[in-house]
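Welcome! Let us take a friendly walk through this structure, looking at how some of its side chains meet.

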Amino acid sequence: MITCYHRCHAIEELYRLEEDQGFCLAYIYCDYAEREQQTAMNVTGALLSQVLNRLPESDEIVAEIRARRLKGQFHDVGTNVDYIRRISQSRLVRLGLDGVDELLEEHRADLLDNLQVLRCIPNLRIILFGRS
């Protein structure tokens, strides 16, 4: 079991490594109090937004997503994951998900099922934190 103390240090280390090694880090904490809103769609959307915020405005994928959002074309969980996959093909990406055990079972299962497609991408690592 990882305690909160160790989690905090692990997350701090990830942010330090992001600066040193130049990878793109996105991190989310899944809060028990907000478990109804933390769906696979919202979690992957938050991760994608963080990754996009670390990319230059001139990046092709950033421009594509922003254009779709301006037209009111919002994404589903599969599209969010696909964009993360596409971004990871050309740069190092690390996704940190803390408190995954706090998600509702149906949301956790949906999220983990959708993240499965990212397992084989060499430039991408998914770091999960939870009590169980």
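Which side chains meet in a salt bridge at 3.0 Å, N to O? They are those of E64 and R86. A salt bridge here is a side-chain nitrogen of Lys or Arg within 4 Å of a carboxyl oxygen of Asp or Glu. The pair links distant parts of the chain, with E64 in helix α3 and R86 in helix α4, 22 residues apart. Helices (H or I, at least four residues) and strands (E, at least two) are DSSP runs, numbered from the N terminus.

Before going on, note that this is a predicted model, where local features need pLDDT of at least 70 and side-chain atom pairs count only at pLDDT 80 or more, while totals for chains, interfaces and linings use all residues. Residues are numbered from 1 along each chain as its sequence is written, and side-chain values use heavy atoms, leaving out hydrogens and water.

The whole structure holds 4 salt bridges. In another of them, D59 pairs with R91, their closest N and O atoms being 2.7 Å apart. D59 sits in the loop between α2 and α3 (60–70) and R91 in the loop between α4 (77–88) and β2, so this pair ties together parts 32 residues apart in sequence. D59 is buried, at 12% relative accessible area, whereas R91 is partly exposed, at 22%. Buried means under 20% relative accessible area, exposed over 50%, and partly exposed in between (1.4 Å probe, protein chains only).
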